[in-house]
Amino acid sequence: MIYTVTVNPALDYVMQLEKVNAGEVNRTKNYSFLAGGKGINVSQILNQLDVDNTAWGFVGGFTGKELIRQLNQKRIVSDFVTISDVTRVNVKIHAQKETEINAAGSHITDQEIAAFKDRLNDLKEGDIVVMSGSLTPDLPTNFYQQLLPTIKEAGAEFVVDTTGQALLDTLEYKPLVIKPNHHELADLFHTTFDSSDVMLEYAQKLLDKGAQNVMVSMAGEGGFLLTKDHVYHAKGAVGTAVNSVGAGDSMIAGFVGTYFKTHDPAESFRIGMACGGATAFTEDIAVKSQIEAVLPQIKVEQIS
């Protein structure tokens with residue numbers, strides 16, 4: 001089983017209007033409520049790839065009930081911890097400019113945190129846990145790292161989609177894959193790259209520190225995959241990018257879901273690139289037909 005973790009999900013309140021006039025009453029043309037969260041995005045793509053998965057996290061209140069209702073509609077299996085606080089609402093205003101107002105997150109008690117950690121007792125060898133997204137204010141900054149010893153003791157694999165020192169702190173536990181983009185990779189080492197060769201030298205350092213696979217995404221420029229044996233390159237799919245939200249989550253989901261079935265990193269990279277591109281070309285998380293339409297464009301080349 002693959003488990004996705006979204007500890008700080010949100011109900012996104014999306015409002016569409018032609019223009020926002022500050023200090024005045026504004027009326028929307030359309031509005032909608034959408035279940036949001038990076039782990040939830042991963043689950044959506046896994047469903048499109050026909051990979052069994054369960055979404056974990058925290059939800060509460062009337063907003064949490066609506067979020068779960070939407071997951072059920074999308075046939076996303078979930079086992080969230082119910083909290084006494086309400087799930088946060090993020091406001092997305094689509095007008096002459098796009099404006100987002102994101103809430104910090106729900107209050108989570110020690111008992112609710114313990115109930116979540118109990119979920120890890122269900123893990124078995126071969127399971128994969130994908131942790132992504134922001135933390136609530138009550139969770140320690142090393143919350144994901146705290147879970148890693150239990151995950152590894154169960155014989156399971158993990159992915160933490162994060163950046164900076166938080167990413168480096170996971171490497172000693174040997175994550176299945178990490179996915180910095182080229183800017184994030186440069187920031188990790190406080191440097192800049194003047195060539196792909198230099199960039200790959202730094203990506204190799206992440207392998208040396210413990211990562212099993214390193215994907216470096218370069219948006220429309222494609223991406224690289226480094227494994228312990230080979231380095232692969234794939235050009236990005238050609239299309240009109242309309243949505244950057246969820247593209248990285250889709251890339252992670254494509255890699256993890258395919259690796260879960262095949263244990264083939266190159267094929268997992270190919271599907272991951274297709275999923276990321278498909279989501280970038282649509283206004284929402286990509287569906288199976290959109291992924292299949294992009295897939296023929298993705299050619300993976302072994303370069304070393």
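Partly exposed residues have a relative accessible area between the buried limit of under 20% and the exposed limit of over 50%. The structure described here is a predicted model. In it, Leu 135 has a relative accessibility of 23% and therefore counts as partly exposed. Leu 135 sits in the loop that joins β8 to α4. Its contacts, leaving out residues up to four places away in sequence, are Val 7, Asn 8, Ala 104, Pro 140, Thr 141, Phe 143 and Tyr 144. Leu 135 and Gly 105 are 30 residues apart in sequence. In space, their C-alpha atoms are 7.7 Å apart.

One of the residues touched by Leu 135 is Phe 143. Phe 143 also takes part in a contact between two helices, α3 and α4. Helix α3 covers residues 110–119, and helix α4 covers residues 143–153. Their axes come within 11 Å of each other. The crossing angle is roughly 40°. Angles from 65 to 115 degrees count as roughly perpendicular, and those under 35 degrees as roughly parallel. The pair α3 and α4 is therefore oblique. The crossing is right-handed. From α3, the contact uses Ile 113, Phe 116 and Lys 117. From α4, it uses Phe 143, Gln 146 and Leu 147. By class, this contact has 4 nonpolar residues, 1 polar residue and 1 charged residue.

The axes of α1 and α8 come within 8 Å and cross at roughly 50°. This pair, α1 and α8, is therefore oblique. The crossing of α1 and α8 is right-handed. On the α1 side, the contact is made by Lys 38, Asn 41, Val 42, Ile 45 and Leu 46. On the α8 side, it is made by Asp 249, Ser 250, Ala 253, Gly 254 and Gly 257. These residues divide into 4 nonpolar, 4 polar and 2 charged.

Ile 45 of α1 belongs to this contact and also to the largest nonpolar core. That core holds 35 residues. Ile 45, Val 130, Val 256, Phe 269 and Ile 291 touch the most other members. Several elements give two or more residues to the core. They are the helices α1 (38–48), α8 (247–262), α9 (265–280) and α10 (288–294), together with the strands β8 (128–132) and β12 (231–234). Helix α9 gives the most, with 7 residues.

The loop between α8 and α9 contains His 263. The phi angle of His 263 is near 55°, a positive value in a residue other than glycine. His 263 has a relative accessible area of 55%, so it is exposed. Arg 75 also has a positive phi, near 60°, and it too is a residue other than glycine. Arg 75 lies in the loop between α2 (61–73) and β5 (81–82). With a relative accessible area of 73%, Arg 75 is exposed.

The loop between α2 and β5 also holds Asp 79. At 34% relative accessibility, Asp 79 counts as partly exposed. Asp 79 touches Thr 54, Ala 55, Trp 56 and Arg 119, with residues up to four places away in sequence not counted. Asp 79 and Asp 264 are 185 residues apart in sequence. Their C-alpha atoms are 29 Å apart in space.

Helix α2 itself contains Thr 63. The relative accessible area of Thr 63 is 3%, so this residue is buried. Thr 63 touches Leu 11, Val 86, Thr 87 and Val 89, again not counting residues up to four places away in sequence.

Another threonine, Thr 28, lies in the loop between β2 (10–16) and β3 (30–36). Thr 28 has 33% relative accessibility and so counts as partly exposed. Leaving aside neighbours within four places in sequence, Thr 28 is in contact with Met 15, Gln 16 and Leu 17. Thr 28 and Gln 16 are 12 residues apart along the chain. A distance of 5.6 Å separates their C-alpha atoms.

How values were computed
Residues numbered from 1 in each chain as written. Predicted model: local features only at pLDDT ≥ 70, side-chain atom pairs only at ≥ 80, totals over all residues. Heavy atoms only, no water. Axes fitted to C-alpha atoms, helices over the stretch in contact; angles between N-to-C directions. Helix = DSSP H or I, 4+ residues; strand = E, 2+ residues; numbered from the N terminus. Parallel < 35°, antiparallel > 145°, perpendicular 65-115°, else oblique. Left-handed = near helix turned anticlockwise from the far one by under 90°. Contact = heavy atoms within 4.5 Å. Nonpolar A, V, L, I, M, F, W, Y, C, P; charged D, E, K, R; others polar. Core = buried A, V, L, I, M, F, W, Y, C linked by side-chain atoms within 4.5 Å. Buried < 20%, exposed > 50% of the residue type's maximum accessible area, 1.4 Å probe, protein only.
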